[in-house]
Every structure is written in C-alpha cells, then in structure tokens.
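Here is a short briefing on the spaces in a protein and the ligand in one of them. Look at the structure first, then read the points by topic.

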Amino acid sequence: MFITFEGPEGCGKSTHAKRLKAFLEGKGYQVVLTREPGGTQVGKNIRDLLLDPQSVLDENTEVYLFAADRSEHVSKIILPALESGKAVISDRFIDSTLAYQIGGRGLPEDLVRYLVMVSSKGLMPDLTILLDVAPEIGLRRATKDTIADRFEKEKMEFHQRVREKYLEIAKADPERIKVINTDNREIDDIQEEIRCRINEKL
Ligand code: TYD
C-alpha cells in the first residue's frame, strides 16, 4: 500500500501523515513514513538547495532537482519498503511536481510529466490524500513560527495557481486522489475523514 499526502503550504500534511502512520501500525501494518524532497541522504542536500531562500535557481534547474530527489527516493526508500511488504506513506510525491512546477511555475506540461514519469519509474500511489486549503490560511499557518522558505516566500498568485492545479489534477483522477478541505476544521475531524478513505481502500 502506497499512500501519499499532498496539498498547498500549511495544509497540515505532516501532522496527518504522522497520525495515519500510528493508525495503520495499530492495525498491524509495518509503515515507513517518508517525504519529498529530502527522504534520502542525498535528498537532504537537495532539499536544502531547493528550500534555502538564498538559493537563486532557474526554474528548469528546480524541476531537475526535484526529479533527482525523487529518483533516489523511489529506488532507495519507497520500492524496497513496498517490496518487503511494508506500507509507505510519503509526505508529497508526483502531484507536488505537477501542481508546483506546472501550475505554480508555468513550466511546459509535457516536459514536467515526462520528468515525473522517469523519476518515479512509473510508480503511482494507491491512494492520494489532497488536503486542500485556501492559500491565505495555509501560508499564515506555515510561517507562524518559522522563517519562510523559498516557496513560502512566493507571491499569493503563485500559491493560488498551485492550489488550482492540484484541484484540476484531482478532478482528472478521482479514483486515486481524494480531496479533503481543511479550512476552519478541527484536526481530529479531518483525521477521521482520512481514516474513512483509507478504510474504504483497505
Ligand atoms: P514541504 O517539506 O512539504 O514543505 P512544507 O512542510 O512547508 O509544506 O515541501 C517543500 C516545498 O517543496 C514545498 O513548498 C513544495 C515544494 N515542492 C515542489 O515545488 N515540487 C515538488 O515536486 C515537491 C516534492 C515539493
């Protein structure tokens, strides 16, 4: 079982991914919780380059770095875990690249989709939870106690395009991608809905 969490800044993915791990472990599954970018040793360095607000990156370089991070992640972490019978939860995966690099940055759809396919080795999640949030709310949450990273510093229009692209991708693949709105909702309530989606899949 390969589950991914997706969504704009401050949607609460990391909190819910951790809680879902505990829930699945309670059901007897062995679970690997990982993330992109930065799920591998090399990936941590790539993550620093991508998120550092001081990094000045061409947008093509940016998408190649995400692809490099994913290639490492799929071959070193995700596939070995799935092959040994574990469940894998990844905090971000392919849909982040589609939403941020096509939607946010405006890179050509065919280039980005090709890079996504090659870097993921064609691996698709069994289920994707898209935590939707209005950019104003999400950004406020994301930057409350920390310095804004290179993406969080982008303009509001960038974040709006990311959100719209996410919703478009979800509409095109409703079987895999389940959209859960998180605006003004309690964490427990959202987690309950996520667990319902997972149970349906199990
Ligand atoms: P993340 O660690 O999830 O940030 P946060 O916890 O603040 O949501 O992700 C890092 C950033 O990288 C995030 O702003 C989204 C961006 N990103 C892309 O632009 N493309 C990608 O393919 C991935 C995986 C992430």
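Predicted model: local features only at pLDDT ≥ 70, side-chain atom pairs only at ≥ 80, totals over all residues.

Residues are numbered from 1 along each chain as its sequence is written, and side-chain values use heavy atoms, with hydrogens and water left out.

The ligand sits in the largest pocket.

**The ligand and its shell**

- Glu 9 has a side-chain N or O atom 2.6 Å from an oxygen atom of the ligand. (A polar contact is a pair of N or O atoms within 3.5 Å; within protein, one must be able to donate a hydrogen and the other to accept it, and residues adjacent in sequence count only if both atoms are side-chain atoms.)
- Arg 47 places a polar side-chain atom 2.8 Å from a ligand oxygen atom.
- For Thr 97, the distance from a polar side-chain atom to a ligand oxygen atom is 2.6 Å.
- (Helices, H or I with at least four residues, and strands, E with at least two, are DSSP runs, numbered from the N terminus.)
- (Ala, Val, Leu, Ile, Met, Phe, Trp, Tyr, Cys and Pro count as nonpolar, Asp, Glu, Lys and Arg as charged, and the others, Gly among them, as polar.)

**The largest pocket**

- The largest pocket has a volume of about 760 Å³. (On a 1 Å grid over the protein atoms alone, a pocket is an open set of points with protein on both sides within 12 Å along at least five of seven lines; a cavity is a set where a 1.4 Å probe fits but cannot get out; lining residues have an atom within 4 Å of a point.)
- Its 36 lining residues include Glu 9, Lys 13, Ser 14, Asp 91 and Arg 92, the closest to its centre.
- Volume here is the space filled by probe spheres set on grid points, which are joined across faces, edges and corners.
- A molecule sits in a pocket or cavity if more than half of its atoms lie within 2 Å of its grid points.
- α1 (13-26) gives the most to the lining of the largest pocket, with six residues.
- By class, this lining divides into 13 nonpolar, ten polar and 13 charged residues.

**The second largest pocket**

- The second largest pocket holds about 170 Å³ of space.
- It is lined by 13 residues, and Ile 94, Leu 98, Arg 113, Val 116 and Met 124 lie nearest its centre.
- α4 and α5 (109-119) each give two or more residues to this lining.
- Seven of the lining residues are nonpolar, two polar and four charged.

**The cavity**

- The structure holds one cavity of 30 Å³ or more.
- Residues lining the largest cavity include Glu 6, Asp 95, Tyr 166 and Ile 177.
- α7 (156-172) gives the most to this lining, with three residues.
- Five of the cavity's lining residues are nonpolar, one is polar and two are charged.

**Two backbone features**

- The peptide bond from Glu 36 to Pro 37 is cis, with omega near -10°.
- Pro 37 is in the loop between β2 and α2.
- Lys 121 is not a glycine, yet has a positive phi of about 55°.
- Lys 121 lies in the loop between α5 and β4.
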